[in-house]
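Please look over the structure below. This short report takes its surface and its strands in turn.

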Amino acid sequence: MIFMTGATGFVGRALLQRLLERNETVRCLVCNRLRRKLLEHPHLTWVDGDLLWPEGFRSAFEGVETVIHLVGILVQVGKGTYDRIHRMGTEAMVKMAREAGARRYLQMSALGTRPNARSQYHQTKWAAEEAVRGSGLSYTIFRPSIIFGAQDRFMNLFSKIIDLSPILPIIGSGNNRLQPIWVENVVDYFIQTLERGETETKTYELGGPRIYSMEGLMNLLMSIKGKRRLKIHLPMTAMRFQAALMESILPRSPLTRDQLLMLEEDNIVTDQATSQDFSVTRASLEEVLPGYLKSQSV
């Protein structure tokens, strides 16, 4: 029995589908009843509950052997802060997993997570990791770079900008490096972890086969879509001011100062341990992107 959070998210949907194809029995926590219409399966049970109030779904942990915790946020809204969702949410899941006697615990973190990180996002992801490492559970933690796929919010956003605007904005120098990984490959790592004892009590960085600068990614997108756009570099100082303004007046800002801090950093794999413990053939952007971006062009 697997208990899973974040099953309605981008990675969660792909992972849930793969688990069901393996005939795994899965219980998924969901906070919005309407989302339960997304998928029905005889081996799938949706559990209504609040991540921060685990007592409300304690009975759903009966018989659970593996916990997969994927929940995370990129923007803080109201009470949904990084600290509450990342740290406190993870602490709640760890507690429930331990009390249920779960054998395995898999945690989704993020590349760039580290002690003394600049961004609140990475700081709280680190606090969540520490809760997992100190839990006494047999855990595996994954830190992926940017995840891409047909329903991602990153490559698709810039694809739409290229379609609709003659100008392509690039924040800062565009020299920051990224190592995008296909969502199906992220799922590959999670699935293989269920079968490989050597992955227990380890943390893995996940990235695709190639490293790109932000500007290089934009060039690749334009090449795939067969379009040329005027690239405008937006000074980071000006963007910080704009982000602060939007944060002060909008309930959900499309750009935050915390995100800008992360954009100033490289987001690439520095630890090669992943390749030693897994057998995943990673797909490149060039292999996957044309399959879904061209069909979306206007």
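## A nonpolar surface patch

Phe241, Leu245, Ile249 and Leu250 make up a nonpolar patch on the surface. Together they have about 430 Å² of accessible area. Leu250 sits in the loop between α7 (236–249) and α8 (257–263). Leu250 is partly exposed, at 37% relative accessible area; that term covers values between buried (under 20%) and exposed (over 50%), with a 1.4 Å probe and protein chains only.

This is a predicted model: local features need pLDDT of at least 70, side-chain atom pairs count only at pLDDT 80 or more, and totals for chains, interfaces and linings use all residues. Residues are numbered from 1 along each chain as its sequence is written, and side-chain values use heavy atoms, leaving out hydrogens and water.

## Strand β8

In a regular strand the side chains alternate between the two faces of the sheet.

β8 pairs with β13 (residues 230–234) in the parallel sense over five bridges; pairing takes at least two DSSP bridges. Lys231 in β13 is the bridge partner of Leu168.

## The seven-stranded sheet

Seven strands form an open, parallel sheet in the order β3-β2-β1-β4-β5-β6-β11. β3 (44–48) and β11 (202–206) stand at the edges with a single partner strand each, so one side of each has no neighbour in the sheet.

Within this sheet, β4 (residues 66–69) and β5 (residues 104–108) pair over four bridges. Arg104 in β5 is the bridge partner of Thr66.

Notes
Patches are made of residues with over 30% relative accessible area and no salt bridge: like charges are joined within 9 Å, nonpolar side chains (Val, Leu, Ile, Met, Phe, Trp, Tyr) within 5 Å. Accessible areas come from the Shrake-Rupley method with a 1.4 Å probe; for residues, only the protein chains shown count as cover. A salt bridge is a side-chain nitrogen of Lys or Arg within 4 Å of a carboxyl oxygen of Asp or Glu. Helices (H or I, at least four residues) and strands (E, at least two) are DSSP runs, numbered from the N terminus.
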